[in-house]
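We will go from stop to stop, selecting a few residues each time.

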Amino acid sequence: MTTRTARIASAVLGGAAALLALPPPATAATGTTARPVITAQTLVLSPTGRGYVGTMTATVTNPGRAATTVDLIVTEPAGASFTTVEPGGGPCLFERLVENRLVASCYGGRLEPGASLTFQLGFHVWTTARDYPMVARGGQIAVTPVGATDPSDTARFTTLFASTTGSLRHPRSYEQATETDLSIRGGAVELTRQADGSLQGRMPVTVRYGNDAPSFQLNVAANLPAGVIVWGTDPQDMPSFPDSFTVPGGRFMPGEERTFDVILRAPAGTPAGTLGAGSLTASAGYFTDSPLPDVDPADNTTSFTVTAS
């Protein structure tokens, strides 16, 4: 299930080859061998009702005498926070993780000799707004000529989180959670006979996300009695599968709790009575095949009984 999430995330932001290391900023040479250079401003994030949002400006310059095409390599200041790049010369692709922060490769476009191109990069950190400012210093952006294996220049940038009053003075360090804190609760479900002879029932399910560990969505694996399948959720905004589904409503804020219905179905001919025990296990979908560890895995699973009438 997490693999499906990684594919979804990669499709959203498309791209180029992986960057294995980001070296110190390069010094541009002269003449036709000069390599692109990059500068970046401080990223200032403003508090909203759903986390912090802001845009950073980065400028790439071609000091050489020949045109060149470049990629941008963006390392997030906080996990799962990079959202957009404008102008959008092409798609971006999530390449790898650095301390749970994503590294994305984005096509930057073509630069004529002596020309510069300015980009606006959007970020959204899904954490609770504080009444004091915060700072994170892990963000950086590199420029790589297309076809090259190493960046020609790297700019590191500071990220400031404005307080709820707008202050940026005396910021505290922002520390994002490294383990998820999620839980899921369900209950017994009764399947009732439908007009076509099949059986169907609804089970209210409540999911809670306790902190700001990075994730894109919450996935749920279903272990059900023989013949019983997941038919969908209500509401539903992502496809469901017979043995899994995605929690509707998109990303969670820290402490957010969400209740929805899981619809179960069994085929015609299923006898009345107790069909058996089932369970639902929730996990946070992020970049890797293996989800982040959870502070209390025991409450990531809820068990229940399925009966047919």
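Select strands β6 (residues 92–98) and β7: in this predicted model they pair in the antiparallel sense over six bridges. For a landmark in this pairing, pick C92, which stands opposite C106 in β7.

Now follow the chain through the turn. β6 and β7 form a hairpin with two residues between them, and E99 in the turn has a positive phi of about 50 degrees. Show the side chains of E99 and R101 next: they meet in a salt bridge, 3.4 Å from N to O. E99 is exposed, with a relative accessible area of 68%, whereas R101 counts as buried at 12%.

How much of β7 is buried? Nine of the 11 residues in this strand (residues 101–111) are, so β7 is largely enclosed by the rest of the structure.

Next, jump to R202 and D234. Their salt bridge has its closest N and O atoms 2.9 Å apart. R202 lies in strand β14 (residues 199–209) and D234 in strand β16 (residues 229–234), so the pair ties together parts that are 32 residues apart in sequence. Both ends are partly exposed: R202 at 43% relative accessibility and D234 at 36%.

For the last stop, select R50, E256 and R258, which are linked in a network of salt bridges. Between R258 and E256 the closest N and O atoms are 2.8 Å apart, and both of these residues are buried.

Methods. Residues numbered from 1 in each chain as written. Predicted model: local features only at pLDDT ≥ 70, side-chain atom pairs only at ≥ 80, totals over all residues. Heavy atoms only, no water. Buried < 20%, exposed > 50% of the residue type's maximum accessible area, 1.4 Å probe, protein only. Helix = DSSP H or I, 4+ residues; strand = E, 2+ residues; numbered from the N terminus. Pairing = 2+ DSSP bridges. Salt bridge = Lys/Arg side-chain N within 4 Å of Asp/Glu carboxyl O.
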